[in-house]
Amino acid sequence: MSMDPFERLPLPEPESSDAEALAPEGGNAVSDGGFLRNMFHVFTENKLAVISAVFLIFIVVFCFIGPDLYVTNQTNTQDALLNSTQNSPPSSAHWLGTDESGFDVLGRLMYGGQISLIVGFFAALVATVIGIAYGALSGFFGGWFDAALMRFVDIGLSIPVLFLLIALVTIYRPTATMLIVVIAAVSWLVPARLIRAETLTLRTREYVQAVRVMGGTRKRIIGRHIVPNSVGTIVVFATFDVADSILLLAALGFLGLGVPAPQTDWGTMLSNGVNFASNGYWWEIYPVGLCIVLVVVALNYIGDALRDSLEVRLQRR
Amino acid sequence: MLGYLLRRLGQAIIVILGVTLIVFVLSQLIPGGQARAALGPKATQSQISHFNILNGFNQPLWVQYWHYILGLLRGDLGYSYRNNQGVTALIINRLPKTVVLVGVSTLLALVIAIPLGMAQAVRRNHVFDYSMTAVSFVLYAMPAFLIGELLILFFAFTLHWFPSQPPSDASAWAVFTNPRAFVLPVVALAALTVAGFSRYMRSSVLDTLTEDYIRTAKAKGGSPRRILYGHAFRNALLPILTLLGLTLPAIVGGALIVEDVFNYPGMGLLTVQSASNDDIPLVLGTTLIATIATVVGSLLADVLYAAADPRIRLGGDD
């Protein structure tokens, strides 16, 4: 089994000259057709990852196209309160019942899922981009510059993420955009450290030395050689980080600090649902709980398979 | 060993100083400034400037930071205008409750995870190993609040075995005098870490079993039991201490959620409540204290590591 959560800890990787010699040679690893085909092959060998990918596509279609097929009111609280029964069990009119405001739960799953997926994806994207820039600069220039930048990362990582996140959400009112910024602001530290470690090993490689000898600028070395060769690390991290961001947003929503009503996200829905846990309104708890867990598990399996297929070093070991 | 400890202590102090700087910067980011946050949106311009002069918020930033640090050294974490009380006074009786919750559940997690990880390593790739691995992955993917809510639904509402929340007036030590009320929160927090710890213990034991000294012990005719407990166990345990220090921020964050789910009046619940009240000084105060507690906890884990590892204890190179 390779999906070990603690492979993701930012521990220093053991150096192995043998493994390094097997790393992809030359500049842009992405545009190589053979590499891509090989990657696809290794990925599809992992049945769980393929199932996860299919499931994820289904969830995206469900959240973004579903509302066109299963039309429900999700924005007008007044109308929902007046025209439907609150907390009604599943029926032919409301396939998964209604919540405490009379909103249709199935429609709300789609509507809240849009926010959860969008915030999760873009927060991970922003965090990864900041992390790449910070880590690549730190690792490339080295010396006291690197030391100072990395001490800052150490300091940031020692603050419990949820406390920092809550402090930021209290200062800036949570809208979907602000949540993306705030979640990214607490999660760029780990990719910064990963990319820095990657840069430190890459900048001593022969082909990077060769570019330097040929008079390549620093900008060219970082942009054309170091970042593209870290693409495996980056993509794998970003996949896991989408899952983590969805969980962070769910936690914020659960604490009552998610997007303001009548907007919703999966965490907020769950938080509202558990208020009625003792009443037995299961349709307000289990479907949304299942959505969060399954999406997170699926993303973790995909990230795992991507690591196997992108890390050429691991493949041939 | 002394050199190592001093260096480690120096690092911890630098980290704490850095965190105070971050918290200070956060307090400067409040839209409209602290005056607006304290006086409300209806305050006039003259009220605001009066407030700023009174609190020294009109001085240069580095002077303000210096006063902030001096205040911290006196134990002054700022003032909660929503509660009309000093932040320190509000935090002081919440902190022990969180420390006890984190301590007891981390201990429980270790007591479960260490034997579990060893058993998995010894029966590697057997049914037991696979099923425990599957359980670990499910636990790892479950958000803290979901574990907590499911525990409440099942053990409190359906089976009525344990109360769904500890008494709100309980002291920090009630977890020992009235353990039944604290079973669910402690188990919920332990469940978060048990998966990671047992996975790590499993691979640590597997790594240790390939070491040369294990082969030597085998060659000398040591029984499997003696090799496992006498030679492998303590060496495999060392990385767990490092992991403990690294995981502590995540455990403290998990405690925040667990406190909210079970209405346990610790630092986490205080933070969540003050966030809903827009009480920014209180949120920043709990963030700072939670971080310092985490840094001190990690420092203790490293000191334990240093005491347990002869390579450091006898004054080697780190």
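Biologist: Before we start, where do the domain bounds come from in this predicted model?

Modeller: This is a predicted model, remember. The domain bounds come from an automatic or database domain assignment. For chain B, that gives domain 1 (2-82) and domain 2 (88-313).

Biologist: OK, how far apart are the C-alpha centres of domain 1 and domain 2 of chain B?

Modeller: Those two domains do touch: 22 residues of domain 1 of chain B are in contact with 20 residues of domain 2 of chain B. Together they bury about 1,800 Å², with 76% of it on carbon and sulfur atoms. As for the C-alpha centres of the two domains of chain B, the distance is 32 Å.

Biologist: Which residues form the salt bridge between domain 1 and domain 2 of chain B?

Modeller: The rule finds one salt bridge across that interface. A salt bridge needs a side-chain nitrogen of Lys or Arg within 4 Å of a carboxyl oxygen of Asp or Glu. Here the closest N and O atoms are 2.4 Å apart, and the partners are B:Arg8 and B:Asp302.

Biologist: Which element gives the largest share of the side of domain 1 of chain B that touches domain 2 of chain B?

Modeller: Three elements of chain B each give two or more residues to that side: helix 1 (2-28), helix 4 (61-73) and strand 1 (79-80). The largest share is 12 residues, and it comes from helix 1 of chain B.

Biologist: Now for the two chains. How much area do chain B and chain A bury between them?

Modeller: Let's begin with the residues: the contact takes 48 from chain B and 42 from chain A. Interface size is often given as the accessible area lost when the parts come together. For chain B and chain A, 82% of that area is on carbon and sulfur atoms, and the total is about 4,100 Å².

Biologist: Which three residues supply 15% of the area that chain B buries against chain A?

Modeller: On the side of chain B that touches chain A, there are 34 nonpolar, 10 polar and four charged residues. The count of salt bridges between the chains is zero. The trio that supplies more of chain B's buried area than any other three is B:Phe137, B:Tyr140 and B:Phe145.

Notes: Residues numbered from 1 in each chain as written. Chains lettered and ligands numbered in written order. Predicted model: local features only at pLDDT ≥ 70, side-chain atom pairs only at ≥ 80, totals over all residues. Heavy atoms only, no water. Contact = heavy atoms within 4.5 Å. Buried area = accessible area lost by both parts, 1.4 Å probe. Helix = DSSP H or I, 4+ residues; strand = E, 2+ residues; numbered from the N terminus. Nonpolar A, V, L, I, M, F, W, Y, C, P; charged D, E, K, R; others polar.
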